[in-house]
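Trainee: Hi! Could you walk me through this one? I'm still new to reading structures.

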Amino acid sequence: MGGRYGAFTFCDRITDYVPARSARATFAVPATLGEFPSCLVAEATGQLAAWVSMAHIGFRGRPVAALARDVRMHAEVNPGETLTLEVDVEECDDNAVFYQGRAHVAGEERVQLIDCLGPMLPQHDYDSADDLARQFALLCGDGAAPGRFDGVGAHAMETIAADGESRSARLHVPVDAPYFVDHFPRRPVFPATLLLDHAIRLATALVDVDDDRPRRVSRVHNVKMRDFIRPGEDVVLQVTKVAPGDFDARVRMTAKIGDRKMATAQIGFAPARVEAA
Amino acid sequence: MRGLNEMEFTRQQIDAVFPKVADVIADALGCDIEDVKLDSSLIEDLDAESIDFLDLVFRLERAFKVKIPRGKIVEDARGDLAEADFEQKGVVTDAGLQRLREFLSEVPPERIKTPLKAADIPRLFTPETFCKVVLRAQKNAPAAAA
């Protein structure tokens, strides 16, 4: 499984499409996966916006994740569930795409993307425009075979420092990973959403220390990706409490390579839903 | 065309929009609003990057309910000066510098160093630059709607 348009592509079929404006698509999360983190749900939604914007400019450019004002994570998506993805593109041209997005399962919203902005980069540096155009036509037609995604694998992350207020860890981006086939064929880039997923795990370890009051990530906001992270690079993630509220802790995340700041975001927590006995 | 020393907007006009512009900038850049001064360099003092300018434009459009042309600050600064007269081999010419000093009158002259690469012009932008962007959009709105 995996492979091109399977390793890190989260769209089985585009069911509604208004050029340059909006789209709706489905993606069946393979039941064989151990988990499907909310960051990948956000990735799936962002990828749909990318398809709409690339199609609008004849696939000569591709957007990359840069800014997201708010990603609200209402509930986890479980393996075996089918996502419905929706995007409203407010603006797209050769410079950038600006959009809103939602992902829901059986009518229940799981993830919402608010005010996302991705600058367009020259397609030929990253991928084949013709190949993408053919895949887009397939997605808008009969759709692609579901069940191709088989996970992103484990990433080595070692704790560097930890106290009650902050934690830092070194994340090693593999030189070779299956998702680089899709992200991107001509110039592999570590996906921003995978970076955020690791930041969330680190932030959760910082915040969720009280067994009596478990917390879950409720939002990631003011996300800013400043530069690309390449295969083989070591990224130092640091998370620091900025609002240690009883119910709504907030953590600031910074990702650095050496002295270079690669990404920043804030991660918000809410009380975890307690299952009824 | 505006004269070289003619003020495009009054201090009162700029002060009227500044609080909301500062609020938008603080929110977009994740900084404290107290750090957003009219003459702060957005890049050097507030850690902004070029992508933030595009984000700011979107946010300001919503906050002020105006339409702001994309990537027009440098183009507007150039005015009726031909591109070749404004910059040569990526460096702003003397005539271009004169236009910049006029157009970005809020930028302290000592900050406009020579030689100035055209790519570094955004380093000069301040919150007041964006106050003026908003005011221009508001000024142009009735004409656009007519």
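Trainee: Great. What should I know before we start?

Mentor: This is a predicted model, where local features need pLDDT of at least 70 and side-chain atom pairs count only at pLDDT 80 or more, while totals for chains, interfaces and linings use all residues. Residues are numbered from 1 along each chain as its sequence is written, and chains are lettered from A and ligands numbered from 1 in the order in which they are written.

Trainee: How many helices and strands does chain B have?

Mentor: Chain B has 6 helices and 2 strands. Those are DSSP runs numbered from the N terminus: helices are H or I with at least four residues, strands are E with at least two.

Trainee: And in what pattern along the sequence?

Mentor: Chain B reads α-α-α-α-β-β-α-α.

Trainee: What is the radius of gyration of chain B?

Mentor: Chain B has 15 Å, which agrees with the value near 15 Å for a compact globule of 146 residues. The radius is taken over C-alpha atoms, and the globule rule is 2.2 Å times the number of residues to the power 0.38. Along its principal axes, the C-alpha trace spans about 40 × 35 × 25 Å.

Trainee: How much of chain B is buried?

Mentor: 31% of its 146 residues count as buried, meaning 20 or more other C-beta atoms lie within 10 Å of the residue's own, with C-beta atoms placed from the backbone.

Trainee: Switching to chain A: which strands pair with S7(A)?

Mentor: Among them is S3 (residues 61-63), antiparallel to S7 (residues 108-122) over 3 bridges. To count as a pair, DSSP must find at least two bridges between two strands.

Trainee: Which residue in S7(A) is the bridge partner of A:Tyr99?

Mentor: A:Cys116. Likewise, A:Asp70 has A:Ile114 as its bridge partner in S7(A).

Conventions:
A residue is buried if 20 or more other C-beta atoms lie within 10 Å of its own, exposed if 12 or fewer, and partly exposed in between; C-beta atoms are placed from the backbone.
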